[in-house]
Structures are given as structure tokens and as C-alpha cells.
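The sequence and structure come before the details.

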Amino acid sequence: MTAPARTLIVTGTDTGVGKTVFAAALAGALGARYWKPVQSGPDDEGGSDSLRVARLAGIPAHRIHPEAYRLTQPLSPHRAAELDGVAIDPARLALPQEDGPRGDGPLVVEGAGGVLVPLTRDWLYADQFARWQAPVVVVARTGLGTINHTLLSLEALRARGVPVLGVAFVGEANADNEATICAMGQAKRLGRLPILPAITPAALAAAFAAAFRPQDFLGEDIA
Ligand SMILES: Nc1ncnc2c1ncn2[C@@H]1O[C@H](COP(=O)(O)OP(=O)(O)OP(=O)(O)O)[C@@H](O)[C@H]1O
Ligand SMILES: C[C@H](N)[C@H](N)CCCCCC(=O)O
Ligand SMILES: [Mg+2]
């Protein structure tokens, strides 16, 4: 039997921490497919995370799996769904299989906001991650406040039995914050994307290549 494709879940300590930018860099480096299960409202540029990843990752648009839910309001998915008159059904959030149009290879999946964001009034993203049982990358800021947010996120994931691959930092270097989080959170430091003056596909690919090792995302090291 063929082994299932490597699936990586990209979550973060908050909304706006850089999950989509990081996910695009990761998907580009691995030649991966990408899936945003629930898009709530337009992104900062008026589009969607899927469109931005397709543009930034340098992967063909057909490698992007369609969202299970596209909601109109830029809110927590549970509330955006209510306002659109939609009931999010976790059973419809099964990880997409390799298929004809999308092809095979690794799959990068992006959550929305942080780990305890509700998908419904009794189902959190962290519950969904626990159901998926795929390794999770926590995208975290480097600046003041990140220690608390990141340690809380790691604790919440582990409390639910979610496998944590490690932490990907975004921001200016802050060696002590990064080291403190990884030591106290017993998490692998995967690397750090710097703040890019202009996020172009080439600049993003170069920044990822300089700071991360693709094999860290394709191995089996999970804590
Ligand atoms: N490395 C970076 N350098 C410069 N700007 C960045 C970087 N990473 C993210 N940004 C900017 O920060 C903003 C938020 O990033 P992004 O959309 O990736 O966040 P997110 O965590 O995916 O948010 P959401 O929860 O809405 O999915 C965007 O305007 C993005 O362009
Ligand atoms: C709309 C935004 N860009 C994200 N897609 C959803 C963020 C939900 C955050 C909910 C919360 O933690 O209060
Ligand atoms: Mg995003």
C-alpha cells in the first residue's frame, strides 16, 4: 500500500501572525498542495489565503484544494458561519486525498487565527487538529508577548494530543524569546522568517531557504 502523503498543519498564536506567508513559503519549498479548509472573509488584500498562496508559492493553481467553506465575514469561523446561515460540519473537514486534478505529494493545511478558534460553538480548531493527527507547525511572533501566547498555544495543543512538529517564528530576531519558548515549551525551533520589505515569490523563497530546512518538515520528529 502507498504511504499517505505527508500532511503538515500550519497554525499560529493569533490571526495575522504570518501563517499564510509562511505556508506559501513552505508549500513552495516542498512543492506541496495547499488547503485552507475555512476562509472567513477576504484577506488583507481583498482576496483569499488560497489565492495568495498560489501567487506567492510559485506552485500551480491546480495544486490548491478548494476551501470546504467560504464565508463572507472576516470573523471567527463559528460566527461568520452563523451570519451566513451556514452550519460548519466537522465531518466535511476530512483531509483532502491526493486526486487527479491536485496531484500527489505533501499537503500544507492552514487554520484560521489561533489554536482555540471555534469552528462551531462546540468544536475548536484544536479539536479538528486532534482528529486529523497530522503534525502541526505553530507560527509565532518574535516580539514582546510571544512567550505567553506561544506557550499557551503549545499547552493547548498537547492537552488535546495534537502532534507538534515545532515553532516557526516570524519577525525580527529575538534570540532569547525564541530560545525561551522552545526550551520551556519543549518544542523544536524550525526557523525564522524575517520581515520582508516586499513579499515577492522570489524574496519569500530565498528567505525560507536561508532559514529553514525542508527535511525538518518531511521527517518524523514530533514532540
Ligand atoms: N515575513 C513577513 N514579512 C513581511 N510581512 C509579513 C510577513 N509575514 C506576514 N506578513 C504580513 O502580515 C500580515 C498578516 O500575515 P498573514 O496573512 O500571513 O497572517 P495569517 O496568520 O495567515 O492570518 P489569518 O489568521 O487571517 O489567516 C499580511 O499583511 C502579511 O503580508
Ligand atoms: C478573519 C481573520 N482574518 C481570520 N481568518 C479569523 C480569525 C479568527 C480569530 C478569532 C479570535 O481568536 O478571536
Ligand atoms: Mg492566513
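A residue is called buried here if 20 or more other C-beta atoms lie within 10 Å of its own C-beta atom. By that criterion, the buried residues of helix α1 are K19, T20, V21, F22, A23, A24, A25, L26, A27, G28 and A29. The helix is thus mostly covered, with eleven of its twelve residues buried. Helix α1 spans residues 19–30 and reaches 16 Å from its first C-alpha to its last, close to the 16 Å expected at 1.5 Å a residue. After α1 comes G31, which has a positive phi near 60°.

The model is predicted. Its confidence scores are as follows.

| Score | Value |
|---|---|
| Average pLDDT of the protein | 94 |
| Residues with pLDDT of at least 70 | 96% |
| ipTM | 0.99 |
| pTM | 0.96 |

Where pLDDT is low, the predicted coordinates should not be read in detail.

UniProt lists K36 for "active site", in an unreviewed entry. K36 is placed in the loop between β2 (33–35) and β3 (38–40). Is K36 buried or exposed? K36 counts as buried because it has 29 C-beta neighbours inside 10 Å. Apart from neighbours within four places in sequence, K36 is in contact with D49, S50, E67 and E110.

Ligand 2 has around it T15, S40, G41, P74, L75, S76, A112, G113, G114 and V117. Sorted by class, this shell around ligand 2 holds six polar and four nonpolar residues, and no charged ones.

Methods
Residues numbered from 1 in each chain as written. Chains lettered and ligands numbered in written order. Predicted model: local features only at pLDDT ≥ 70, side-chain atom pairs only at ≥ 80, totals over all residues. UniProt positions renumbered as here; feature names shortened; annotations may be inferred. Helix = DSSP H or I, 4+ residues; strand = E, 2+ residues; numbered from the N terminus. Contact = placed C-beta atoms within 7 Å. pLDDT = per-residue confidence, 0-100. Near = placed C-beta within 6 Å. Nonpolar A, V, L, I, M, F, W, Y, C, P; charged D, E, K, R; others polar. Expected span 1.5 Å × (residues − 1).
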